[in-house]
Each structure stands twice: as structure tokens, then as C-alpha cells.
Amino acid sequence: MRTTFPLLLMLLGIQSIRAGEVLILQNEGRIEGEIVADENLPKNQHRIKTSSGGQIVLDKTAIKQVVIVGKDEAEYERLRAIAPDTVEGQWKMAEWCREKQMNKQRVPHLERVIALEPDHLQARIALGYKQISGRWLRRDELMKERGYVLYKGEWKLPQEVELLEQAALSKNQERDWYGRLNRLKADFINGTPGKSQEAWQKLTTIDDPAAVPAILQEMKTEKLPRLLRAYIEALGRIGNGPSFRTLVDLAMGSATDQYQELALEQLKKRKNSDIAMLIAGELKSKDNKRVNRAGYALGELGDSSVIPALIDGLITKHKFQISSGDGGQMSASFGGGGGGFSAGGKAQIIEQALENFQVLTALNKLSGQNFDYNQAAWRTWYEANRAKPVIAGRRD
């Protein structure tokens, strides 16, 4: 079956070609015709019968390829050969190509039109030109003038490309760490004493930010306390946004959580006011226990910039559910916990203001003052003393 799209064939071994095929010469010339048998010619030569009816003799080495073309392609070759090299002639060829949806063949004719008539509007538009400040520019030329570069099929500023390349590199490095961490863990647990010690030394010196996703993944399932401590300490050494957020979440853990204090110790080493503000956000938690743990952590960090947030968090409102059980008994579950329903009871939502002892303790520690849970008194004192060093930067 005859193909309808160009197919490049090496000439080796071909004795004849069908009508509608084109010979591509080594010098990039093109001949439409066919090779005909001629026993009188030397073996290194071919007789070519052209589509116009003439005949020529060529060395085999002069023929580079044979292009099998369909009906439209053959007709294009015929028209192209006789098209006048004028604006009108080349424009007609371009339009013929457009009608036949032969976009690749259309381009050289459009380019020839504007070479003959630089301000030919239709040809310029067809080639993607725009007239800007009296100059005809293609979109790629315009984008380059504006400082853009073509990156994976899209125009972007060099700074964007640099960021994308860095992100791609970082993503690759992150993927590498999943395998590396698994191997180190395996060597530490199952390796020889020497290999285990070497793996442990590497585990306890991780400080690459690209390792954070892999560490967080391992922490979800890790049961070995020694490894969990190593991961938490690694997050403290790395000290980027994701590691800080994880450490804050661990520091907000239950009072019986053995890793709460370890996470808080990592945060304290950083002495970073951003960490204090991150924890201060927990003072608005729906879980009252979490509010108090945030108060405790802020007192330990010793950053007085969070005093206004602590004042706001002295008394917080929380919702809890109650239901009337058998005999009029009541049960409750405060915000952040589970359901807390008595069997068969009808639930009610109640809001209650709670005084937060750990928040008050942190305020006492950071300010050296004690106005109990009187938020108005605390605010009056703060406004009167906010410019003083004890408020501006206390770090006990």
C-alpha cells in the first residue's frame, strides 16, 4: 500500500522507483522521476526518466535518498518547479499549500514573498510577525529582545529558568535521599559492627535540606527510639521551613510524648524569632491542651516578641459537646478531642472560656510581671513598656 506521507529510503539496491517519487541528490537538488533500466550504462550509473519526459544519466553516488510522496506532494513538486519567482507567484504557491494543509512546504514560499516585498502584510502575519515600533518581528525575536529564553517549549525569564533548574535538581536530590536513608538504616540495623558504626555516624551528621522529605517519610513508621532521635536531631541541624514545622508539631505533642522535649531543644538551639511566631500561632488552636503546650514552649524559647500573642492567649474559648445520659448524667469532650457522647444522649455544643496556666507562666517568665489572667492589665502594661529592652528583646 502506498504511503501518503514522505518516507525516506536509502537508494542501496533500488533499481526503479514509482511515479510520484522524488530523488534527493547529494547537493540537496531534487529530481521528480524514476530510474529506468539501461544495460548499456556502467554499473555505477543510473538513467533517470524525469516527470517532464526527459532523461538524464547520474552516478549512483550522486543520489542521496528517495522520497516517496503522495498525490499532493507530487503535485506540489510539479507546481514548485514552474512557479514564477515573483510576489504573486510565490504567494499563490503559499496559498495552495495552505489549502492542502502542507504547512511545512508553505513556509519557504512565504519567506520568499517577504524577501521580494518586505511589507507584504498577509505573508508577514502568516509567518507570525508583528509590527512593533515600525519593525517586523516574529514572536521569538520579540521575546528574545525582551530578555526571555525558550525553555522546554515555553518562554521564560532566565531567572525563572534558573529557579526551575534548581528545583529540578533539588527534586532529584530529594529522591536520592529515600534510597540513601533506607540503605543507612539497613546497614545500621543489620550490618557488621564496623558497617553499623559507619552508618550511625552518617545518620547523626545529616544536614542536607534535600533529606527532609525522606526523613519525614521514615518518621511516620519508625519504631526504633534511637533512630527517631537521630531523625529529630537531623531536622534541628537542617533548620529549614519543613523541618521547623515538623519540630513545632512534635513540640506540641502530648505531655507524655518522649520526643516533645527533644524537639523543643532543637528549636531552642536556633534562637529564631520565626520559630517563636510559628509556635505562637498554636495559641489559637481549637485544642486547649495544644494552647497550653504552646505557652510552655514559648516560655522555654524566651523570645519576648510573642508577649502580645501570649496576652491574647491567656483566656481562650473552646467548644465541647455534652449529652444527657441515663439518669440525667452529663459527659463532655473538649475541642480537639473525640466525640465524648453518652449512649442515647442528644448532643449539644457548648462554648466555654478557659484560663491557660502555661500561657500565664510564659508571660510571667518573659516579662517579670504578674497580672494574673487580667488581659486588660497586661495590655496596659505592655503598651507602657513595649519600647523598653525587657520587652523589645528579652532572651532569658
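The model is predicted. The chain holds 17 helices and 13 strands. It has 396 residues, and buried residues make up 40% of them. Its accessible surface comes to about 23,600 Å². Carbon and sulfur atoms own 51% of that surface. Now take the contacts in the chain with a separation of 6 or more. Residues 24 or more positions apart account for 53% of these.

Start the helix tour with H8 and H9. Helix H8 covers residues 212-221, and helix H9 covers residues 225-238. They pack at an angle of about 150°, with their axes 10 Å apart. Angles over 145 degrees count as roughly antiparallel, so H8 and H9 are roughly antiparallel to each other. The crossing of H8 past H9 is left-handed. On the H8 side, the contact is made by Val212, Ile215, Leu216, Glu218 and Met219. On the H9 side, Leu228, Tyr231, Ile232, Ala234, Leu235 and Ile238 take part. By class, this contact has 10 nonpolar residues, no polar ones and one charged residue.

Tyr231 lies in H9. Is it buried or exposed? Its relative accessible area is 1% and the cut-off for burial is 20%, so Tyr231 is buried. Leave aside neighbours within four places in sequence. Tyr231 is then in contact with Leu181, Lys185, Leu203, Ile215, Glu218, Met219 and Glu222. Of these partners, Ile215, Glu218 and Met219 also belong to the H8 side of the helix contact. Leu203 is 28 residues from Tyr231 along the chain, and their C-alpha atoms are separated by 7.9 Å.

Ile238 is the second residue, also found in H9. At 9% relative accessibility, Ile238 counts as buried. Which residues does Ile238 touch, not counting those up to four places away in sequence? They are Ile206, Asp207, Asp208, Pro209, Val212, Ile215, Ser243 and Arg270. Asp207 sits 31 residues from Ile238 along the chain. The C-alpha atoms of Ile238 and Asp207 are separated by 4.8 Å. Two further partners of Ile238 lead onward: Ser243 falls within H10, residues 241-251, and Arg270 falls within H11, residues 260-270.

That brings us to H10. H10 and H11 pack at an angle of about 135°, with their axes 7 Å apart. That makes H10 oblique to H11. The crossing of H10 past H11 is left-handed. H10 contributes Phe244, Leu247, Val248, Leu250 and Ala251. H11 answers with Gln260, Ala263, Leu264, Gln266, Leu267 and Arg270. By class, the contact of H10 with H11 has eight nonpolar, two polar and one charged residues.

H10 also meets helix H12, residues 273-280. The axes of H10 and H12 come within 10 Å and cross at roughly 50°. That makes H10 oblique to H12. The crossing of H10 past H12 is right-handed. Here Phe244, Arg245 and Val248 in H10 meet Ile275, Leu278 and Ile279 in H12. By class, the contact of H10 with H12 has five nonpolar residues, no polar ones and one charged residue.

His109 has its place in helix H3, residues 103-116. At 5% relative accessibility, His109 counts as buried. Not counting residues up to four places away in sequence, His109 touches Tyr76, Arg80, Gln90, Met93, Ala94 and Cys97. Among these, Gln90, Met93, Ala94 and Cys97 fall within helix H2, residues 87-99.

The last stop is the loops. Gln101 is found in the loop between H2 and H3. Its phi is near 60°, a positive value in a residue other than glycine. Gln101 has a relative accessible area of 68% and is exposed. Ser133 has its place in the loop between strand E7 (129-132) and strand E8 (135-138). Ser133 is not a glycine, yet it has a positive phi of about 55°. At 75% relative accessibility, Ser133 counts as exposed.

Terms used. Residues numbered from 1 in each chain as written. Predicted model: local features only at pLDDT ≥ 70, side-chain atom pairs only at ≥ 80, totals over all residues. Heavy atoms only, no water. Axes fitted to C-alpha atoms, helices over the stretch in contact; angles between N-to-C directions. Helix = DSSP H or I, 4+ residues; strand = E, 2+ residues; numbered from the N terminus. Parallel < 35°, antiparallel > 145°, perpendicular 65-115°, else oblique. Left-handed = near helix turned anticlockwise from the far one by under 90°. Contact = heavy atoms within 4.5 Å. Nonpolar A, V, L, I, M, F, W, Y, C, P; charged D, E, K, R; others polar. Buried < 20%, exposed > 50% of the residue type's maximum accessible area, 1.4 Å probe, protein only. Areas by Shrake-Rupley, 256 points an atom, 1.4 Å probe, with all protein chains shown as cover.
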